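I opened this notebook to keep track of what I looked up, entry by entry, for a reader who is new to the structure.

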Protein chains: 4
Amino acid sequence: MKPDRIKWALLGGGADSLIGIVHRIAAGMGDDYQLTGGAFNFDFRKSQQFARELGLDPRRIYANLDALIAAESALPAAERVKLVTVATPNYLHFDMASRLIQAGFHVLCEKPVTSTAAEAETLANLLKARQQVFAVAHTYTGYPMVRQMRGMIAAGAIGPIQKVAAQYYQGWINAVIHDPVKRKTVWRLDPAKSGQSSCIGDIGVHAFNLLEYTTGLQIEQALSDIDTLYPDNSLDVDGTVLLRLGPHVKGVLCASQIATAEENNLTLAVYGRTGALKWAQENPNQLEFLQEGKPLTLLKAGHEYNLPPARAATKLPAGHPEGFIDAMGNLYRGVAKAINGQAVDAGAYPGIDSGVRGMRFIEAVLRSSRNGNVWVKL
Amino acid sequence: MKPDRIKWALLGGGADSLIGIVHRIAAGMGDDYQLTGGAFNFDFRKSQQFARELGLDPRRIYANLDALIAAESALPAAERVKLVTVATPNYLHFDMASRLIQAGFHVLCEKPVTSTAAEAETLANLLKARQQVFAVAHTYTGYPMVRQMRGMIAAGAIGPIQKVAAQYYQGWINAVIHDPVKRKTVWRLDPAKSGQSSCIGDIGVHAFNLLEYTTGLQIEQALSDIDTLYPDNSLDVDGTVLLRLGPHVKGVLCASQIATAEENNLTLAVYGRTGALKWAQENPNQLEFLQEGKPLTLLKAGHEYNLPPARAATKLPAGHPEGFIDAMGNLYRGVAKAINGQAVDAGAYPGIDSGVRGMRFIEAVLRSSRNGNVWVKL
Amino acid sequence: MKPDRIKWALLGGGADSLIGIVHRIAAGMGDDYQLTGGAFNFDFRKSQQFARELGLDPRRIYANLDALIAAESALPAAERVKLVTVATPNYLHFDMASRLIQAGFHVLCEKPVTSTAAEAETLANLLKARQQVFAVAHTYTGYPMVRQMRGMIAAGAIGPIQKVAAQYYQGWINAVIHDPVKRKTVWRLDPAKSGQSSCIGDIGVHAFNLLEYTTGLQIEQALSDIDTLYPDNSLDVDGTVLLRLGPHVKGVLCASQIATAEENNLTLAVYGRTGALKWAQENPNQLEFLQEGKPLTLLKAGHEYNLPPARAATKLPAGHPEGFIDAMGNLYRGVAKAINGQAVDAGAYPGIDSGVRGMRFIEAVLRSSRNGNVWVKL
Amino acid sequence: MKPDRIKWALLGGGADSLIGIVHRIAAGMGDDYQLTGGAFNFDFRKSQQFARELGLDPRRIYANLDALIAAESALPAAERVKLVTVATPNYLHFDMASRLIQAGFHVLCEKPVTSTAAEAETLANLLKARQQVFAVAHTYTGYPMVRQMRGMIAAGAIGPIQKVAAQYYQGWINAVIHDPVKRKTVWRLDPAKSGQSSCIGDIGVHAFNLLEYTTGLQIEQALSDIDTLYPDNSLDVDGTVLLRLGPHVKGVLCASQIATAEENNLTLAVYGRTGALKWAQENPNQLEFLQEGKPLTLLKAGHEYNLPPARAATKLPAGHPEGFIDAMGNLYRGVAKAINGQAVDAGAYPGIDSGVRGMRFIEAVLRSSRNGNVWVKL
């Protein structure tokens, strides 16, 4: 029998928030959660108003995180919120996540999990002796064919890896970067709000995460050349990173926010000794499988021939496209299983280690460019 | 301010039902509905069990439709379920829908809306003097780029239409049709459960519906050649239909369930005097716009350049794929607006007339083939 | 050792002729032919001028076919032209081909091979007792992946065929048909120059030919609905044809010259009991292989895994696109082998039977529509 | 009136040579050349034998280059070979090209034009005061949509360039590199036959050439990380190169011969301030044009809307694929025009400067990796 629905709270993600609706739809996809409360907005009245619209009990809507922790902790265990999603602005992630962990909540945290690698390591240390679930919203790992790719590589489908290539090209910063006023006012290019990095921190890290997620390898060193395009812009809007993974495996990661008119062009190619696998986010329900001397094979979501983690990540029959929110839904399903004590695959959701790795990557890339495009260890 | 959430009940769609989860996710996408009750299963205990899993009030779970109508009608208006989704087996649609209409409920009915055109006309007549919303789950009309196609054609983007072509190819019946036992036992090929038609009734009608939805034209006559493949199989598993629309417009509609290994290959092409539009369900977030003497244009979902109905049907920024459930979600959002008395575009959801048209088409196709591949008027 | 180059003459295809350059490049691709002479133009002086530009011996340039036959026949066998390509306007094909056959020449004739099925049958009868090679320029049969498709179907790769679908959509007539003057003056719509049919005769017949070429089946009956779009236009510019092949195999062939802004969109899909094969002319170097329950396979030209006829039809390594002229080149290579007495596969070039079949198809389609969209046997 | 056909000789490219047939078909495409003689093979008898097969005058077949130069130079100008194509093994290119230039012949030289940048500069110096045509077989510049891309960028279609990305992935070396014996015996990995570089020298340089050809920019600095995969293999089989072009323009060039099972995956993306252009060799007849805030546009070969250099590089109507040999044919047509004294666009064929640039790039890449992945100026 299905376990009771997990009581769930949301920090941020108020009425007009895109990320809020994504989390709420995603969490609802498996009948695993009951949205119980949260703090949706800095403005408490807006938060309460939104709660009314959602039909939530107003007593579970809090003015801030302190109030949430205090009140929820005082409730009997069966009543209490178990999972809290942190979908607030980036600079709040570390503080909120660390307090939630310490207060005993399971946490799903938006990305980037922290502002620095040191903070991410602090979270990792906090979590060490605990049984709490901590997930990072690396949504792309929730796509079924990304999970298929990870599974096939682990099963040896392409042999030992010899080359990797990832790309994440967007163009939206192009629309603001060339205007001296706009580039000073857009939050993404403001270090106070956005953190150390724009391009690598926002999207490059997704490509990095997918590379490590699908290959099972760790990127050991990075050499980067980032670009801010204008001297009065301090954050990277473009960067290419040479990679060295394990012994004898090289690779490249290309990221840009000034790849004009690109939408969300995230691609991944992993070449092994006997074959290769290629995936593209804008056409997410297929996976190219290249094999030495054989025809190209296109695996598609929704088929019995896929591996169990990919099959479990698909709700509909083959040919019925699932998308980005469905991918996020798979993260929530994995988290629910873990909270409910069910066995989960290591790929079911990205944990704090993926957060630590991601922050180390961002810092390594920035240091490499700052120091004259030299190799930096992660 | 957002209206209160609409109380909503579901008939069918119990625990293991695919269509149930699709409807529940879709209805949740806009924060418009509150799942309040229903009758999920013929077996009342299973229904109750599922309600417990969903955290629903057990008093709103009913043994059957009669009980639901009686109990809900007795509640004060503000408490009462307003929308009922009919997701039961096909043969029950007409009976349930007509009783719900007469009891004053808004209805969203799975497709096919009835078993015969006459029944669909009966529903249409019932609805004539009423203000109730009645929607048919022609999910594909909810895709943003289908709505863009409809809007562009209406706006004259391709000039007067001169040729249409639709195709809906699936392969799944191939796996059962060649085995004399299986083809006798699969429900889709059993007229008692499936109705008059398999291929045209299940999928051909979707292609028909999209043709009329996007072009604004009516198909006036059809000449078909259907195939049952084996003499002991009574239902069509393949059919090609010559079409005549308005004056001087011809077309073709190809449907098959024995297009081996095809998944859900639904495509639409409409040719006008100055250009053409082409859409494919398996790659739903783009629309090909061909123009005489100009380069091919690919419109994609999530952009400001799209028409309002397409923009309103997209939740995420360009490049973040949305899929089949998102399309269904757009139908629910249109229905919610209509229930809440907001102005809705005629394309916001397919109404009973699309149900009537679809049933007439199915019957015309069957009659054409039965009578020796002759023209039959719709 | 390679045989001596075959002496070759060209009728039509003068200086500004597109079809002429295509034939000359194609014939040169295998080092099989020596362009020796011909009659390139109705105007003898233009013909001579063109010969000078090509560096040809002026004595082998003739004022007309009579002169060519007379002079060449008088030469010693080793000097004599062996193959004559007929690339003149359509209405001359039958007359020229029949005289060339009777004079003992091998012939490669542009399509349509004749103006009527009766004429094509006359040519077939003329050829019956002779060893002469007669080829029809159904160029698309020369594409390597079309040959792969034919070979795989013959080898049982998709099992017994149960459904076929072909489409040939062009848009160029749209640019002239809506103008009352233009539609009276374009040669393609003038029955005196173009023959009985425009759309079916020019392009539908290619799709027909490919269906029979790849499947090895014969289309037994056709039911069509053609469209002339305007009452004062006598030739079809659009037509859809229901097909019946062998017992229990149905299909459809869609052709149009008013599919606005389509270029040369010829596609072919053949569904068998265990799989399917799909090919598209605008992306000719790949072949989709669908199999029940297995991932989609994309075969590409230039690989060892292809069958011998496909391998023999590729000159370059995989990934180096070959195109339309390369396909025509493969027809010429097949003809050369046949002339040189080497064993050739039945698919090496389309013979007079494909010409007869094609003309019968055209006439059946026209008759079907003329008689009220009834079944007509081929 | 068309000029007389240019007498043309071929060095290398004998009977079984792939590159030979490519050159002969390509040269024949425009009726510009007359293959007159050459030295096809180190073995003079094989060379003579091949000439007999081609029907060439045996007196114009030479034992070696000295003989060719001596004999041809002694002929009257009108009889004499004008253009010589050098299609011999790489290590012979420089010696042959320099002697041919000095003897007054026009030259089309296979790529790499020399073994070192210094040699290429020597050729450039030799050519300075001469009117002779010298072309390098950078075949990809002959594709119509590459020429369209060049023309559109020059015309400002995408605004000032801010980012470039090129990729050339092949997989064929993977099949030999992992076998200790094979990797010692394949000519491509043997420095004596192949030169300083395998991956960058053979394919990376094509990507480099296309970047400079289409953008009109010069790559000023390169920082590379190459890979030989095994310590006992001395030549690069993979390499990624960070690029800096002009002021404020960065880019990346990725090349690999161990991208397992890739065929000939050469792609190019150029991002400007208002738009972007993307081209892929394996689908060469289309060009993606991205524009800020507008739908994606796909330009296709064969249309009037293309620029003159692209239109001139297409022989067939839109929708009739042209391929690799057609691209090479466009180089030959440009060379013929130049030889005949007609005005040619600077993009008509790649000259010695593209050879010099390419060799400098190869050497810069090698030096960068050798010196620890540092920036090297070209």
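**Entry 1, ground rules.** I noted that this is a predicted model, in which local features need pLDDT of at least 70 and side-chain atom pairs count only at pLDDT 80 or more, while totals for chains, interfaces and linings use all residues. I also noted that residues are numbered from 1 along each chain as its sequence is written, and that chains are lettered from A and ligands numbered from 1 in the order in which they are written.

**Entry 2, the sheet of chain D.** I looked up the strand order and found an open, parallel sheet of five strands in chain D, running E2-E1-E3-E4-E5; strands (E, at least two residues) and helices (H or I, at least four) are DSSP runs numbered from the N terminus, and two strands pair if DSSP finds at least two bridges between them. Strand E2 (33-39) and strand E5 (134-136) of chain D are at the edges with a single partner strand each, so one side of each has no neighbour in the sheet. From one strand to the next the twist averages 20°, an angle taken between lines fitted to C-alpha atoms, on a scale from 0 to 180 degrees between N-to-C directions. Strand E1 (residues 6-12) of chain D is joined to E2(D) by six bridges in the parallel sense, and I noted D:Gly37 in E2(D) as the bridge partner of D:Ala9.

I then followed strand E1 (residues 6-12) of chain B to strand E3 (residues 83-87) of chain B, where five bridges hold a parallel pairing and B:Ala9 stands opposite B:Val84.

How do helix H10 (residues 199-215) and helix H13 (residues 352-370) of chain D cross? Their axes come within 9 Å and cross at roughly 125°, which makes H10(D) oblique to H13(D); angles under 35 degrees count as roughly parallel, over 145 as roughly antiparallel, 65 to 115 as roughly perpendicular and the rest as oblique. Among the residues that meet are D:Gly204 and D:Phe208 of H10(D) and D:Gly358 and D:Phe361 of H13(D), contact being counted when C-beta atoms, placed from the backbone, lie within 7 Å.

I found 27 residues of chain B in contact with 27 residues of chain A. H1(B) gives the largest share of the chain B side, three residues.

A rotation of 180° with 0.0 Å of shift along its axis superposes chain A on chain D, with an RMSD of 0.0 Å, by least squares on the C-alpha atoms of residues with pLDDT of at least 70 in both. The two copies are thus related as by a two-fold rotation axis, and 100% of the contact residues of chain A recur in chain D.

Notes: Contact = placed C-beta atoms within 7 Å.
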